[in-house]
Amino acid sequence: CDRLNDPSDKPPCRGCSSYLMEPYIKCAECGPPPFFLCLQCFTRGFEYKKHQSDHTYEIMTSDFPVLDPSWTAQEEMALLEAVMDCGFGNWQDVANQMCTKTKEECEKHYMKHFINNPLFASTLLNLKQAEEAKTADTAIPFHCKCFPTLVKDT
C-alpha cells in the first residue's frame with residue numbers, strides 16, 4: 001500500500017541512478033531536461049557536465065497541506081486518482097486504494113473540498129459559462145435553402 005510514494009513514477013537520480021524518493025532536489029539552473037538528485041548525491045556535492053554543486057536548487061516534495069492541514073498534497077492527488085479509478089461514491093474502494101485514509105475520511109474530504117466547495121463550484125460554473133459563450137460566438141448558423149420537391153404526375 002505504498003502507492004503514494006511510488007518511486008517508479010519519478011525520473012532516476014542523475015548521480016547514482018536510484019529511484020528518487022521524496023524529498024529530492026531539482027537544479028534550478030540546469031535543464032531541460034530537469035536535473036534531479038537524491039539527497040545523498042546532493043549532500044555529497046555531485047557535479048556532472050554543466051551542473052555545479054553551487055547552483056540554486058528546489059526541494060521537490062508533495063508532503064505539505066493544500067486544502068486541509070491533515071491531508072498532504074500527495075494524498076489530495078491520490079484521492080482524486082482513486083475517485084477516477086473507483087468511481088464517485090465507491091468510498092470503500094477509494095479508501096482501499098488510498099491506504100492512508102478511511103472510507104469516511106475520503107467521502108467527507110471529497111464532498112467538502114471538491115463538491116460542496118463554493119470556490120470550485122463557482123469556478124466550474126464560470127468555466128461552463130465561458131465555454132457556452134465561446135460556442136455561441138463561434139457557432140456558424142445554418143440556413144436551409146430548401147429546394148421545392150419535384151412531384152411526378154402518375
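1. Leaving aside residues up to four places away in sequence, Leu-79 touches Trp-71, Val-94, Met-98, Cys-106, His-109, Tyr-110 and Phe-114. Please keep in mind that this is a predicted model.

2. Now for the core around that residue. The largest nonpolar core has 13 residues, and Leu-79 is among those that touch the most other members, together with Val-83, Trp-91, Val-94, Met-98, Cys-106 and Tyr-110. Two or more residues come from each of α2 (73-86), α3 (91-98) and α4 (103-115). The largest share belongs to α2, with 5 residues. In soluble globular proteins, nonpolar side chains tend to be buried together.

3. Apart from the largest one lies another, made of 11 residues, including Tyr-24, Phe-35, Leu-37 and Cys-38.

4. Next, the overall layout. The chain has 5 helices and 3 strands, and their order along the sequence is β-β-α-β-α-α-α-α.

5. How much of the chain is buried? Of its 154 residues, 27% are buried.

6. Finally, contact range. If you take the contacts between residues at least 6 apart in sequence, 44% of them join residues at least 24 apart.

How values were computed: Residues numbered from 1 in each chain as written. Predicted model: local features only at pLDDT ≥ 70, side-chain atom pairs only at ≥ 80, totals over all residues. Heavy atoms only, no water. Helix = DSSP H or I, 4+ residues; strand = E, 2+ residues; numbered from the N terminus. Buried < 20%, exposed > 50% of the residue type's maximum accessible area, 1.4 Å probe, protein only. Contact = heavy atoms within 4.5 Å. Core = buried A, V, L, I, M, F, W, Y, C linked by side-chain atoms within 4.5 Å.
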